[in-house]
Amino acid sequence: MLIRIVTVALLLATTSAAATFAASGSASGAALAATGSLVAAAIGYALGRKDRSMPAAIRTQMIKVADDLAQYPAFTRLLRAQGTRITESTCEAATVIATGLRDMDANVDRLRAMIDCSAHIEADELRPLVDAVGAPVIGMLGQLQFQDVTQQQIAFLARLSLIVDQHMINLARQLGNRRSMDRMTNFKDMFDKALDDCVMTSQREDHHTAVGLDLHEPSGPKIEMY
Amino acid sequence: MPSTIFIVDDSATTQMSMEAILRKAGFMVAKAASGEEAVTKLQGGLKPNMIITDIHMPGMNGIELIRKVRAMAGFQFTPILVVTTESQQAKRDEARAAKATGWLVKPVQPDDLLKVAKQILPNG
């Protein structure tokens, strides 16, 4: 601070002196004072350059990187939402399958008890219980499709993580080379491209929510005959 | 003679699930794990009464398979049902344009699958 004050004072003094010498007709005095003024101006310029925190181009880059990083929560929100969907669907399937097995086991026990207690059982008497044993099977088989659905959801998560990888590489390049800024794909563009991979209604809803859109696309009926 | 339903899906669990549901209802079932395998089987003489195909499969996808099958002699009118996690209207329209018969969203409830199968193949 003191150096700055001294430099400004020196600049003013030498400039003023140069003007005074010039007015009084002393060429050598004016030249000397003008030289001093130039030296003071050069010192001031050098100090000014040193004092600037960073060049404007780098500041712009850092702001752009910060803007991109600020969008990550939308991305991680989508990841979490997909994780929740997977947990919910596997939980539902596991519950249906476990309940079916429990009911089948209970009905097998009843069937065994009937056979043990009665010497002569008619087939018609057993049939309702036998049917009850097999009843949960179809529902359980239907629930097995959860594996197919979750497999696709997990594959989607893997593709999302690749987008993050690519974006981090781009950010690193951008920080290392200021000319790369123009080449870098915007994170939002990459994230929007991920929407193309969202084939399920639930995925598209999660994506819209993650980017802050209150948008519900019509998905059509679960069964449609043409 | 029970009708034969040809399931084309790369997911082993979905294949197994639909096969068991359909067999229990009295249908015969043939299976393929890809569009290419399905075409090979059809060209090899398999004559299903109905085809059920997934959309998202590695290699030939379901829509391509439908187009290919429709171009094959003897399969212009074979019912083809799409069963998929895909729910976008654009894809449905694509399937319709390729001359699919219907569309079911996974996971398919057994009752829904059987209802549609019996609607298309009323004689079982």
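Colleague: Of the 124 residues of chain B, what percentage count as buried?
Modeller: This is a predicted model, in which local features need pLDDT of at least 70 and side-chain atom pairs count only at pLDDT 80 or more, while totals for chains, interfaces and linings use all residues. Residues are numbered from 1 along each chain as its sequence is written, chains are lettered from A and ligands numbered from 1 in the order in which they are written, and side-chain values use heavy atoms, without hydrogens and water. Buried means under 20% relative accessible area, exposed over 50% and partly exposed in between, with a 1.4 Å probe and protein chains only. For the 124 residues of chain B, the buried share is 56%.

Colleague: And of the 226 residues of chain A, what percentage count as buried?
Modeller: Chain A exposes about 14,000 Å², of which carbon and sulfur atoms supply 64%; such areas come from the Shrake-Rupley method with a 1.4 Å probe, and for residues, only the protein chains shown count as cover. Of the 226 residues in chain A, the buried share is 28%.

Colleague: In what order do the elements of chain B run from the N terminus on?
Modeller: Helices (H or I, at least four residues) and strands (E, at least two) are DSSP runs, numbered from the N terminus. Chain B has five helices and five strands. From the N terminus on, these elements run β-α-β-α-β-α-β-α-β-α.

Colleague: How many helices and strands does chain A have?
Modeller: The elements of chain A, read from its N terminus, run α-α-α-α-α-α-α-α-β. The secondary structure therefore comes to eight helices and one strand.

Colleague: Among contacts in chain A between residues at least 6 apart in sequence, what share joins residues at least 24 apart?
Modeller: A contact means heavy atoms within 4.5 Å. In chain B, residues 24 or more positions apart account for 62% of the contacts with a separation of 6 or more. For chain A, the share of contacts joining residues at least 24 apart, among those at least 6 apart, is 66%.

Colleague: Which elements are among those covering the buried residues of α7(A)?
Modeller: Helix α7 spans residues 187-194 of chain A, and its buried residues are F187(A), M190(A), F191(A) and A194(A). They lie on the same side of α7(A) because they cover an arc of only 100° around the axis, taken over the directions from the helix axis to the C-beta atoms. The cover includes, from chain A, α3 (56-70), α4 (72-117), α6 (146-176) and α8 (201-210).

Colleague: Is N107(A) buried or exposed?
Modeller: N107(A) lies in helix α4 of chain A and, leaving out residues up to four places away in sequence, touches L129(A), A132(A) and V133(A). The side chain of N107(A) reaches the backbone oxygen of A132(A) at 3.5 Å. With a relative accessibility of 9%, N107(A) counts as buried.

Colleague: Which residues does M114(A) contact, leaving aside neighbours within four places in sequence?
Modeller: M114(A) is also in helix α4 of chain A and is partly exposed at a relative accessible area of 28%. The C-alpha atoms of M114(A) and E125(A), eleven residues apart along the chain, are separated by 9.5 Å. Beyond its neighbours within four places, M114(A) is in contact with I121(A), E125(A), L126(A) and L129(A).

Colleague: With which residue of chain B does E224(A) form a salt bridge of 2.7 Å, N to O?
Modeller: Side chains of opposite charge can pair when their charged atoms come close. A salt bridge here is a side-chain nitrogen of Lys or Arg within 4 Å of a carboxyl oxygen of Asp or Glu. E224(A) is buried, with a relative accessible area of 15%. At 2.7 Å, N to O, the partner of E224(A) is R92(B).

Colleague: And which residue meets E224(A) in a salt bridge at 3.3 Å, N to O?
Modeller: R92(B) is buried, with a relative accessible area of 0%. Apart from residues up to four places away in sequence, E224(A) touches R92(B), R96(B), G102(B) and W103(B). The salt bridge at 3.3 Å, N to O, joins E224(A) to R96(B).

Colleague: How many salt bridges are there over all chains?
Modeller: One of them pairs D103(A) with R102(A), the closest N and O atoms being 3.3 Å apart. D103(A) is partly exposed at 30% relative accessibility, whereas R102(A) is exposed at 54%. Over all chains, the salt bridges number 13.

Note on methods. Polar contact = N/O pair within 3.5 Å; in protein donor to acceptor, adjacent residues only side chain to side chain.
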